[in-house]
Amino acid sequence: MSTNTIRKAKKLVETGGVVKIEDDLFQIKSSSDPNTSYFVTSDTCECLGFKNFYKFHHGKGLKANCSHLEAIRIFKKENRS
Ligand SMILES: [Zn+2]
């Protein structure tokens with residue numbers, strides 16, 4: 001995974017761009033457009049990057065990732081009690 005993805009994910013968490021809606025449902029702001037947000041679970045995301053991943057890497061057995069999925073991972077780690 002690129003460090004850029006992690007950097008973006010950390011920024012999203014730090015700036016309050018991650019909102020927990022349910023146990024496995026989060027609303028996350030787009031890092032490029034503050035007026036847009038995506039509904040994200042721990043393994044799916046609505047964003048274009050996530051969708052394109054499967055388009056470009058179809059059938060390689062890779063798991064898609066994007067800054068939003070990574071943001072959830074960081075968010076969960078920081079909010080574990
Ligand atoms: Zn995403």
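Below is a short chat about the predicted model shown above.

Biologist: How many helices and strands are there in the protein chain?
Modeller: The protein chain has 3 helices and 3 strands. Keep in mind that this is a predicted model.

Biologist: What pattern does the chain follow along the sequence?
Modeller: Going along the sequence, the pattern is α-β-β-β-α-α. The radius of gyration is 12 Å, close to the 12 Å that the globule rule gives for 81 residues, so the protein chain is as compact as a globular protein of that length.

Biologist: And what box do the C-alpha atoms fill?
Modeller: Roughly 35 × 30 × 25 Å, taken along the principal axes.

Biologist: On to the sheet. In which order do the strands come?
Modeller: The order is S1-S2-S3, in an open sheet with antiparallel pairing. Strand S1 (18-22) and strand S3 (37-40) are the edge strands, and each of them pairs on one side only. On average, neighbouring strands of this sheet are turned by 25° against each other, direction ignored.

Biologist: What joins S1 to S2?
Modeller: A hairpin does, through 2 residues. S1 and S2 pair over 4 bridges in the antiparallel sense. In this pairing, Val-19 stands opposite Gln-27 of S2.

Biologist: How many bridges join S2 to S3?
Modeller: There are 4 bridges between strand S2 (residues 25-29) and S3, and these strands run antiparallel. Take Lys-29 as an example: its bridge partner in S3 is Ser-37.

Biologist: Which strands does H3 lie across?
Modeller: H3 lies across S1, S2 and S3, and runs at about 65° to S3.

Biologist: Change of topic, helix packing. How is a pair of packed helices described?
Modeller: By the angle between the two axes and the distance between them.

Biologist: So at what angle do the axes of H1 and H3 cross?
Modeller: Helix H1 (residues 3-14) and helix H3 (residues 67-78) have axes that cross at roughly 55° and come within 8 Å. That angle makes H1 oblique to H3.

Biologist: Is the crossing right-handed or left-handed?
Modeller: H1 passes H3 in a right-handed crossing.

Biologist: Which residues make the contact?
Modeller: From H1 they are Thr-5, Ile-6, Lys-8, Ala-9, Lys-10, Leu-12 and Val-13. H3 brings Ser-67, Glu-70, Ala-71, Ile-74, Phe-75 and Glu-78.

Biologist: How many of those are nonpolar, polar and charged?
Modeller: The residues of the contact of H1 with H3 divide into 7 nonpolar, 2 polar and 4 charged.

Conventions
Residues numbered from 1 in each chain as written. Predicted model: local features only at pLDDT ≥ 70, side-chain atom pairs only at ≥ 80, totals over all residues. Axes fitted to C-alpha atoms, helices over the stretch in contact; angles between N-to-C directions. Parallel < 35°, antiparallel > 145°, perpendicular 65-115°, else oblique. Left-handed = near helix turned anticlockwise from the far one by under 90°. Contact = placed C-beta atoms within 7 Å. Nonpolar A, V, L, I, M, F, W, Y, C, P; charged D, E, K, R; others polar. Pairing = 2+ DSSP bridges. Rg over C-alpha atoms; globule rule 2.2 N^0.38 Å.
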